Amino acid sequence: MTMESSAAEARAAQAKTALDAWVREIVEWHFNPDTGCPFWLDWARGAGWDPRRGVNGFDDLVKFPHFQDEKLRGGPVRRWVPRAYADRPTFVFETGGTTGIPKSRVAQEDFRIDYELFSDTLPDEHFPRGGNWLMLGPSGPRRLRLAVEHLAQHRGGICFCVDLDPRWVIKLIKKGWMEHLKAYQDHVIDQAVTVLSAGHDVKCLFSTPKLLEALANRLEADGSCLKDTGITGIFAGGTEFTPQWNRFAHEELLDGIYMTPTYGNTLMGLAASPPSGPENGYKITYYAPQPRAVLQVVDPDDADRVVEYGETGRVMLTTLTREFFVPRFQERDEGEREPPCDQYPWDGVSGVRPFSRLASATTVGVY
Amino acid sequence: MIHFPILRWGQEYKSLELAKVEHFLTGEPVAEVSQANPGIVARDLRKGANRARDVLREIPCADLLAMVKKGGELFKSADLPLGDGVQTPDDFVRQQSATTGLPEHLCRMNMGKLEYVLAHLDDVLRSLTRRLDYGILTRGYGEEDGVMRSYQATTPVLGMVLPSNSPGVHSLWLPIIPLQIGLVLKPGPQEPWTPWRMAQAFFQAGVPREAIALYPGLGEVGAAVLNNSSRSLIFGGAATVEQYAANPGVQVHGPGFSKILIGEDQVDDWERYLDLMVESVAVNSGRGCINCSGIWAPRHTREIAEAVAERIGPIAPLPPDDPKAELAAFTVPGQAKAISADIDNALKEDGVEEVSARHQDGGRLVPMERCDYLRPTVVHCSSPAAAMAKKEYMYPFVTVVECPQDKMIGAIGTTLVATGLTEDRAFARALLDARNIDRLNLGPVPTTRLNWLQPHEGNIVDFLFRPRAFQQAS
């Protein structure tokens, strides 16, 4: 064993110890009648066992069934608010909802904490402190819109936003109204170009691959380019973030602008990725913000089995914050399990894409 | 393993995403195909589409014609670049068969068909342009017989979303280069072979590399080709046809619902036409939109169905390299099973009977380890009202429908090729006037026998060039 590998193993063991301690703290919090939320307290009453006694570390979470996000549909959303936080101002963020009742997640400070942690991963030379931001992503009852705005403010900047209704986009796709879809995308890009041309000194951008590409194409068609706008750093997210797209963006769209891919959703924080480029085949590996969230790659036929490194499996998320407890939620994504790295001494996931067994029913990359 | 790169205006580009194409019987990988991302398509078309037409316009149409004719010869007989080596014509046939499930001799037949079209392309273009001086297309205007004529290209390039299942359809895009319009091809996932080999043949014959782009990929890439080309061709099923029917920039090629219509005056002699019916239904494994999927007659329909079933019902799957193989495999998992189930469902209706079943021990569906086959199917319908009478599938499948002559044209629905067997002037006139029929054959011409000098589902020249008024002060 080399000194490097033994140091890495020590860091991983340390991270695991910290995770186990955090799990005990969070389980104690959520299942303590004085602090926990009505949903989990009710659940524990029916479960026939006391998680506060039965959970001594992360591995014991296997005693919980896989969280079903269907439970998040409909009200009262207060059932998710921890009793200890009942008097705090509460946000509700939605996901889905093109038809029917959307899934809701309550939040108070989580989105701020998650994005402040993420902020620590952003290099100041590309995301300058005090620099203004453009949020080129979904608006409405979405966590992302407020979270990006908070990120900008946390870093001393001001965030400009566009109106983008992803539910309408999904309807257009489902109806096959491709001309309307194109027109709506143009409408969103018009807003972005207007902000960028209005003297707001925007330095940082949040975007999805599709919108980033559309913005770059529009700017080039207008005789300009992304670099000319003054943007120096891009924070991007989306499951269509493939190595090939990453390479295409670096080689043909960004012209040296720094871009950091991320993976996240309403249920978790934000999984960041170490830099990627030609040296690693533009492979993007995401690491969860442990211990607040844990990503595992599991056997789709036996979700209790974490697959080997390099093996493909379904992404499983566990969220562990004082505001929200989500044990072993099987995401609609799959990917390959990756070993810990210098920056993140815990498992990661690469090649994230829609779970192939569900892919035909999923509309991805809508904005 | 053979690798197909993306061709970005002739320049090879290896993607980080590779799709494997497998042998339909053994599952062995035959090739890996670089997958484009939609952004590449959009970007290339924005930057290079006009350049594609410009480089072609620097070469006279007549010279381009000579080049593509030469390309046809090379396509059929030369060793052409593929992967790290070369591909012989025999390699092409074996490889195309291996991934599409089409018997090798049918692949060879389609190869010959493409070469034939290219060899006669000057006649084809003369016919499609109505003998227009090509210089007028290049310049945009010119005088003919003392009359000023002006044609404006509607697009610098033609986008094409090509299918996997019918290599013969590539004949539709062969006339494009001599018209000085660039090519943007999105090959079918199982059939990268023809677009690649044809592009290589064209390059070797002198066609500028900047005039041709090739973007393998999935549906999003096809959508990018359509969205970023002013004019496109797409091949697909009924849903695709419906989606693009109202889009004037997209010419859709879907199911043909081609038919043989037998008139009152000929139906008592139906046996004279049996060979024609069998050929129309079964040639090329029934995969083409020009294959007949409906034989309509006012009487004797049961005897006709029995006779056709006796001829094609016994046809069974054979290995792809068997020169007697007449059936192509279904290589998409579950597709043949779904079609067979759909047929079973439609057979429940009164007056609908599968006549070919008694010629097929073990049934029409022949499941195999990695693919499936469907044996030729003949169904008798005692009325055109039966849902089955409107069915068409991608194998030798035909309904024989009893229908009075005077109700026939109203009941057949949209029909790509109709062969009208009649000498009755009134019925022939009605067929000529029927706007639901595209290609019309009057007399004993199989639906599958095309005259290449005539337009197919619209004249490609009219699609690519707009006649307009032009005056120039002297």
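1. In chain B, the axes of helix α2 (residues 61–77) and helix α7 (residues 193–204) come within 8 Å and cross at roughly 125°, the axes being lines fitted to C-alpha atoms over the stretch in contact, with angles from 0 to 180 degrees between N-to-C directions. The model is predicted, so that local features need pLDDT of at least 70 and side-chain atom pairs count only at pLDDT 80 or more, while totals for chains, interfaces and linings use all residues. Residues are numbered from 1 along each chain as its sequence is written, and chains are lettered from A in the order in which they are written.

2. Because angles under 35 degrees count as roughly parallel, over 145 as roughly antiparallel, 65 to 115 as roughly perpendicular and the rest as oblique, α2(B) and α7(B) are oblique to each other.

3. Where the two helices meet, B:Met67, B:Val68, B:Gly71, B:Leu74 and B:Phe75 of α2(B) face B:Arg197, B:Met198, B:Ala201, B:Phe202 and B:Gln204 of α7(B), contact meaning C-beta atoms, placed from the backbone, within 7 Å.

4. Strand β21 of chain B (residues 397–402) is mostly covered, with six of its six residues buried (20 or more other C-beta atoms within 10 Å of the residue's own, C-beta atoms being placed from the backbone). B:Phe397, B:Thr399 and B:Val401 point one way from β21(B), and B:Val398, B:Val400 and B:Glu402 the other way.

5. β21(B) pairs in the parallel sense with strand β16 (residues 292–297) of chain B over four bridges, pairing requiring at least two DSSP bridges, and B:Glu402 is the bridge partner of B:Ala297. Strand β20 (residues 377–381) of chain B also runs parallel to β21(B), joined by five bridges, with B:Thr377 partnered by B:Phe397.

Terms used. A residue is buried if 20 or more other C-beta atoms lie within 10 Å of its own, exposed if 12 or fewer, and partly exposed in between; C-beta atoms are placed from the backbone.
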